[in-house]
Amino acid sequence: MGVMTPDLSVAIGSLTLPNPLIAASGCFGYGLEYDQVVDLSLLGGVVSKGLFMKERQGHPPPRIVETPAGMINAIGLQGIGVHRFVKEKLPLLRERGARTFVNVCGTTLDEYVEVCKVLSQAEGVAAIELNISCPNIKEGGIQFGCSLHGTFDVVSAVRKATTLPVIPKLTPNVTDVASFAKAAEDAGADAVSLVNTFLAMAIDVETRRPRISNVLGGLSGPAIRPIAVRMVWECYQLVKIPVIGMGGITDARDVLEFMLAGATAVQIGTQNFVDPFIWTKVLDGLSEYMTRHRLASVSDLIGAFDPTPPKAGHA
Amino acid sequence: MPPIDIDATVIANARLSSEYSVLSLAAPEVGVRTQPGQFVMVKPAGVSDPLLRRPFSVFEILRDNKGAVIGVSILNKRAGRSTRRLYDLAVGDVVSCLGPLGQPFKPVASPAKAWLVAGGVGLAPFATLAETLALHKTDTTLFYGARTGEELFYLDFFEALGVSLVLATENGARGTKGRVTAPLEASLQALGAGDRAMVYACGPEPMLKAVAELAARYQQPSQVSVERVMGCGLGGCYSCVVPVKHGDEHANLVRSCISGPVFDGAELVWE
């Protein structure tokens, strides 16, 4: 045998991804914006911006503010609506060999179902990520995502409406996120993704006014990573379906941390703004780690976290 | 050409005042691709604080004494934590520089005149534009407003290109006292029938609004470069939107990073 090429592929239900790196919703446009800097087929997957049935304008600017090791955003789910997405974006994503996850939003349970039905009839959708966790708009699904019954009901309804893999995206703004992962699993979800952003705010002390127009927004970036890792681990211990982890990933080591905590795949969001060329760097970093640790398959790392306390004095 | 990302070494960081500096970066690949009005996203390399890059118009395209492009410079004004970090950088420090990005200015040629209207740090995109206009032999005037006479920079640079200068300062120390829009309006009034001036503007938003409205009032076209809080520069985050006219009543929020930063002044909806 020659030099072993590490196997980076992972399985999310019936879906096999060539590697565990997925571009997070809201951080990658519709994918095509990044066509000029990254080969979209190299990514494990691309999650679209959140889509409702109809177009949405979103919140007035300013929509983001930088905070220590992170940023707060309240974009307000500006989007082109599912019909224009299917017509204008999906064919181009298919052409480029992208595995397209569509982030589905709804103001009502019926809207989630209707958007999913549209996507089920379209060609080139790999999976549905159910957005029940956007903290920034009043009727953006958070009413489902913050209630165990609401989570169960919306996942059940969508489950009946499509054969595509259904992946609810969970909010961290609850007391026990794992119970929401369990509700999603019980309702027939194929996987869960977490975390969405942490509800946050920032004040301009000179003017005493909010730093973003919506006052409240969602905190993302490295600042939230340790909390997200903890939540992924909690969910991994409670559910059998795959967990897709995200929150402040900046490099291969961060990806490995999420996978060891139980993530089958990960999403990269905010760091993509900092470094749009991150994808090949992280893939190289994963391969390097696997070669160094003599690992054949990246899947072997999922949940391989050893909770034995570290020795005192170890750096 | 697609943008590229370079870890660019700081060649010089010339402090023009206690607030302004010109940061010169060894980024020839960015320089050769840049058109006037385009921008770069920069941050000190290898640090997570600040986390996000900040957008800057390319100020100068730097050349060696044989004329070969060796990099770009940006005009930096200390305003927040990120710009303070950039102001403090020393020669040899490294900056992540992604670009060039965005839609450039469209140059005009004779018989049209080019009027560049700059407010403060809004001078930034006009050095490269003036060079391009000089190549086109376009009759070019820079209307340049600042708070004080000491904050009127690079006047020699523009004069050497044959650009006429019309200056304004808030304290009246140099040029007209008050806003630069006053001498602009006087010049618009003085235009003969059939004369055409393309009005380019970059500066604070109230100035952009005033310039676009003045140009429209005197039936002259305008191109304005807007500045919005920007996350990525590539169209990914939807932070930097501006309202653009769409039909009679509606405005669309479009991303200034990819549809701009340069817009037709008549196309924008001003608040």
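B:Glu205 is partly exposed, with 30% relative accessible area; here buried means under 20%, exposed over 50%, and partly exposed in between, using a 1.4 Å probe and protein chains only. The model is a predicted one, where local features need pLDDT of at least 70, side-chain atom pairs count only at pLDDT 80 or more, and totals for chains, interfaces and linings use all residues. Residues are numbered from 1 along each chain as its sequence is written, chains are lettered from A and ligands numbered from 1 in the order in which they are written, and side-chain values use heavy atoms, with hydrogens and water left out.

Back to B:Glu205, whose side chain meets that of B:Arg228 in a salt bridge, 2.8 Å from N to O. A salt bridge, to spell it out, is a side-chain nitrogen of Lys or Arg within 4 Å of a carboxyl oxygen of Asp or Glu. B:Glu205 sits in helix H6 of chain B and B:Arg228 in the loop between E13 and strand E14 (241-246) of chain B, so the pair ties together parts that are 23 residues apart in sequence. The H and E labels are DSSP runs numbered from the N terminus: helices (H or I) have at least four residues and strands (E) at least two. B:Arg228 itself is buried, at 14% relative accessible area.

Over all chains, the whole structure holds 21 salt bridges. One of them joins B:Arg255 to A:Glu33, with the closest N and O atoms 2.8 Å apart. This pair crosses between chains, going from strand E15 (residues 250-255) of chain B to the loop between strand E3 (21-23) and E4 of chain A. Both B:Arg255 and A:Glu33 are buried. Another salt bridge brings together the side chains of B:Asp5 and B:Arg53, at 3.0 Å from N to O. That pair links distant parts of the chain, 48 residues apart: B:Asp5 is in strand E1 (residues 4-15) of chain B, and B:Arg53 is in the loop between E3 and E4 of chain B. B:Asp5 is partly exposed at 25% relative accessibility, while B:Arg53 is buried at 2%.

Now for the sheet in chain B. Seven strands make up an open sheet in the order E11-E10-E9-E8-E12-E13-E16, and the pairing is mixed; two strands pair if DSSP finds at least two bridges between them. Strand E11 (176-177) and strand E16 (262-264) are at the edges with a single partner strand each, so one side of each has no neighbour in the sheet. Strand E9 (residues 140-146) of chain B runs parallel to strand E10 (residues 164-169) of chain B, and six bridges join them. In this pairing, B:Gly145 is opposite B:Ala168 of E10(B).

Helices pack on the sheet too. Helix H3 (residues 126-135) of chain B touches strand E8 (113-119), E9 and strand E12 (197-202), and its direction makes about 170 degrees with that of E8(B). Contact here means heavy atoms within 4.5 Å, while axes are lines fitted to C-alpha atoms (for helices, over the stretch in contact), with angles from 0 to 180 degrees between N-to-C directions. Helix H6 (residues 205-217) of chain B touches E8, E12 and strand E13 (222-225), and makes about 170 degrees with the direction of E12(B).

E9(B) is also joined to E8(B) by six bridges, and those two strands run parallel. There, B:Ala114 is opposite B:Thr140 of E9(B). In a regular strand, side chains alternate between the two faces of the sheet. In E9(B), B:Thr140, B:Leu142, B:Tyr144 and B:Ala146 point one way, with B:Thr141, B:Phe143 and B:Gly145 pointing the other. Seven of the seven residues of E9(B) are buried, so the strand is largely enclosed by the rest of the structure.

The peptide bond between A:Pro61 and A:Pro62 is cis, with omega about 0 degrees, and A:Pro62 is in the loop between strand E4 (45-47) and strand E5 (64-67) of chain A. Another cis bond runs from B:Asp49 to B:Pro50, with omega near 5 degrees; B:Pro50 lies in the loop between strand E3 (39-44) and strand E4 (54-57) of chain B. B:Lys137, a residue other than glycine, has a positive phi near 55 degrees. B:Lys137 belongs to the loop between H3 and E9 of chain B and is exposed, with 70% relative accessible area.
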